[in-house]
Amino acid sequence: SHAFEDTERKITEGKRLLGCIPTGEVPYIMCGDLNSPSGSYVVSELDKVLGNLGPDPDQNTWTTKPFDYNGFIEDKLNWRLDHIYGKNITAVRSEILTTDVSDHLPLLIEVEI
């Protein structure tokens, strides 16, 4: 959605995503580029049902390259759009890697099994 806004469609997609999370005690990891910043519907709801496995959500992952779409302009690393969540999983270590290949910075996590 434009400028990562919570549109009706995006909220509907977020609800469908939340419905895919297994219940019970089975260990579970979900990660990816959600194109949703902290405070958005999907991130707020995921924060309620899963734990952030790291890195700290205040560390930004987007954008490393200039972006311009319909008047939404960004050329600095001002957004956290990439997330790693888990349930019944222990994170040993996590970090944000640097790269010039993508406009997103990748997340690396080590978990205890």
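Colleague: At what angle do helix α1 and helix α2 pack, and how far apart are their axes?

Modeller: General idea first. Two packed helices are described by the angle between their axes and the distance between the axes. Here, helix α1 (residues 8-19) and helix α2 (residues 41-49) pack at about 20°, and their axes are 9 Å apart. Axes are lines fitted to C-alpha atoms, for helices over the stretch in contact, and angles run from 0 to 180 degrees between N-to-C directions. Helices (H or I, at least four residues) and strands (E, at least two) are DSSP runs, numbered from the N terminus.

Colleague: What should I know about the model itself?

Modeller: This is a predicted model, where local features need pLDDT of at least 70, side-chain atom pairs count only at pLDDT 80 or more, and totals for chains, interfaces and linings use all residues. Residues are numbered from 1 along each chain as its sequence is written, and side-chain values use heavy atoms, with hydrogens and water left out.

Colleague: Are α1 and α2 roughly parallel or roughly antiparallel?

Modeller: Roughly parallel. The cut-offs: angles under 35 degrees count as roughly parallel, over 145 as roughly antiparallel, 65 to 115 as roughly perpendicular and the rest as oblique. The crossing of α1 and α2 is right-handed.

Colleague: Which residues of α1 meet which residues of α2?

Modeller: From α1, Ile11, Gly14, Lys15, Leu17 and Leu18. From α2, Tyr41, Val42, Glu45, Leu46 and Val49. Contact means heavy atoms within 4.5 Å. By class, seven of the residues in this contact are nonpolar, one is polar and two are charged. Ala, Val, Leu, Ile, Met, Phe, Trp, Tyr, Cys and Pro count as nonpolar; Asp, Glu, Lys and Arg as charged; the others, Gly among them, as polar.

Colleague: Next, aromatics. How many aromatic pairs are there?

Modeller: A pair of aromatic rings is described by the distance of the centres and the angle of the planes. The rule: rings of Phe, Tyr and Trp (its six-membered ring) pair if their centres lie within 6.5 Å; planes under 30 degrees apart count as stacked, over 60 as edge-to-face and the rest as tilted. By this rule the count is seven aromatic pairs. Take Phe4 and Trp62: ring centres 5.2 Å apart, planes at 90°, so the pair is edge-to-face. This pair links distant parts of the chain, 58 residues apart. Phe4 is in the segment before α1, and Trp62 is in the loop between β2 (51-52) and β3 (67-69).

Colleague: Which residues form the cluster linked by ring pairs?

Modeller: Phe4, Trp62, Phe67, Phe72 and Trp79.

Colleague: Are Phe4 and Trp62 buried or exposed?

Modeller: Both are buried. Buried means under 20% relative accessible area, exposed over 50%, partly exposed in between (1.4 Å probe, protein chains only). Tyr85, in strand β5 (residues 82-87), is also buried, at 2%. Beyond its neighbours within four places in sequence, Tyr85 has contacts that include Tyr28, Val43, Leu46 and Leu53. Lys10 sits in helix α1 and is buried at 14%. With residues up to four places away left out, Lys10 touches Ser1, Phe4, Glu5, Leu34, Asn35 and Ser36.

Colleague: Where is Asp58, and is it buried or exposed?

Modeller: Asp58 is in the loop between β2 and β3. At 66% relative accessibility, Asp58 counts as exposed. Asp58 and Arg80 are 22 residues apart along the chain, with C-alpha atoms separated by 7.2 Å.

Colleague: How do I read the backbone? Which peptide bond near Pro55 is cis?

Modeller: Most residues other than glycine have a negative phi, and most peptide bonds are trans. Here, a cis peptide bond joins Gly54 and Pro55, with omega about -15°. The bond from Trp62 to Thr63 is also cis, with omega near 10°. Pro55 is in the loop between β2 and β3, and Thr63 lies in that loop too.

Colleague: What is the phi of Asn35 and of Asn70?

Modeller: Asn35 has a positive phi of about 50°. Asn70 also has a positive phi of about 50°. Neither is a glycine. Asn35 is in the loop between β1 (28-33) and α2 and is partly exposed at 34%. Asn70 is in the loop between β3 and β4 (72-74) and is exposed at 61%.

Methods:
Left-handed = near helix turned anticlockwise from the far one by under 90°.
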